[in-house]
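I opened this entry to look up a sheet and some ring contacts. My notes are below the display.

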Amino acid sequence: MRHSLRLSLILSTILCAHVALPQTDAFLWTATGGMQDLGVLPGWQDSNGSGINDSGVIVGGLFKTNGNRTCFGWKDGLGMRYLKGLSPTNSSAVAVNNHGQVVGYSLIGDGQTHAFLWTRESGAQDLGTVGGSSGIALAINNSGQVVGWSQTPTGIVHAFLWTQETGMQDLMTLTHGTCTGCESFAEAINDSGVIVGKLGHHEGARDYAFVWKNGYLKSLGDLGGVGINGGSEATGINKSGQVVGSAAVPDGSGHAFLWTETGGMQDLGTLPGGSGSSATAINNSGQVVGSAYVPSGQLHAFIWDSTNGMQDLGTLGGPGSQAAAINDSGEVTGMADLP
C-alpha cells in the first residue's frame, strides 16, 4: 500500500513536528501485567517505544511539540535513559538487537536524515547514504546487519543493506532483475540475512511486499486490493521466514497479513467492528503485533496468534495505542495515548 500505518508513522516524525493530543507515552505490554506506562524524561512531552530485544531492553524516541526529538533506552530496574544519536535534538531510535546495538536516524542539517548505528562502546556511528542526501535505518539483526532505505544520487529511494565489512550497499545493486526506476524500502531482516520490505514504482504504480534472499527478490502478492493503493508492504520476518505486514483488500482498507512459503498470504482480519489493521512485527513463536481500528475510529495495539486470533491490547487510558515490536518472550512495546 502507498500509505501503510507503519511507514506513515515513521515519515510523519521526519517531515513534520510531533504534535500529540492527548499525550502519548511508550509502553511495555506483557501477558501477565498488561500495559505499563514507561513515561517520559523531564522536559519532554511524548515518548514512543519502537524496538525491544529478548532482554526486555526497549528503545524509541522522546518528542516535544516544537518538533525536537531524541532517543531513549529503557530497561526494567534502570528506567528510561538518554541514548545519544547523531543529533541531540533530532534523533530517533528504531530497533535494538540482543547485543544492545541500536539503529535509527537523525536529522543532520538542511533536512538531511542519516541512518546511525549506536553501541555502548562507540556511541552513534553515521552510516551515510547510497549517494543521495538522506537515509533511515529500520532494523538490525543479531549479526549486526542493518537495513533501511536511502536516497540514491538521482533522489529515488532504495533499500539498503549495511554491514561492518562492506558499509552501506544499495540492495538493488545486489539483486538480480529489479526494475529500473523502482523505489524500494527494506524494513526488517532476520538472523539468516533474509530481508523484507516493499517495492514499487516512484511514478505511481502499486507497491508490493517482497522477500529478498541471496540476491533474489520475491513478490509476496496481495489480498485482492485494486488500483494504485491495492498493493502490500512487509514489515517483519522471523527466523522461520514467516513474514508480516499489511495489504489492501477489495474494499480499499488495509489488513494485517501473515505470509509463509507454503501458505502464501493470510489475511489476519481486524478487531471486532474495526475497518482495518496493519502488522508491524513477528517473533520466533509466530506471535504478531500491530495496530487495528476499533469501532470508534481509533487505532488500538493488537497481538495475534494462531490459537487466539487478534486481541486488543487496550490503551493507557486514552483513546488509542499502536504496537511496534515484540520479543521472543511475548513482550510488546509501542505507544499509547494518556487520558
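The entries that follow take the sheet, then the aromatic rings, then the charges over rings.

I am working from a predicted model. I looked up the strand order. I found 4 strands in an open sheet, ordered E3-E4-E5-E6, with antiparallel pairing. I noted strand E3 (46-52) and strand E6 (79-83) as the edges, since each pairs on one side only. From one strand to the next, I have an average twist of 35°.

I then checked how E3 joins its partner. Strand E4 (residues 58-63) runs antiparallel to E3, and 6 bridges join them.

**Aromatic pair.** How many aromatic pairs does the structure hold? I found 1. The ring centres of Trp149 and Phe185 are 5.8 Å apart and the planes meet at 70°; over 60 degrees counts as edge-to-face, so I logged the pair as that. The pair links distant parts of the chain, 36 residues apart. Trp149 sits in strand E12 (residues 146-151) and Phe185 in strand E15 (residues 182-189).

Are these two residues buried or exposed? The cut-off for buried is under 20% relative accessible area. Trp149 has 9%, so I put it down as buried. Phe185 has 11%, so it is buried as well.

**Charges over rings.** I came back to Phe185 for its ring face. Lys198 lies over that face, 5.2 Å from the ring centre. I also logged Lys64 over the face of Trp44, with 4.7 Å to the ring centre.

Technical notes. Residues numbered from 1 in each chain as written. Predicted model: local features only at pLDDT ≥ 70, side-chain atom pairs only at ≥ 80, totals over all residues. Heavy atoms only, no water. Pairing = 2+ DSSP bridges. Helix = DSSP H or I, 4+ residues; strand = E, 2+ residues; numbered from the N terminus. Axes fitted to C-alpha atoms, helices over the stretch in contact; angles between N-to-C directions. Phe/Tyr/Trp six-rings, centres within 6.5 Å; stacked < 30°, edge-to-face > 60°. Buried < 20%, exposed > 50% of the residue type's maximum accessible area, 1.4 Å probe, protein only. Lys NZ or Arg CZ within 6 Å of the ring centre and 35° of its normal.
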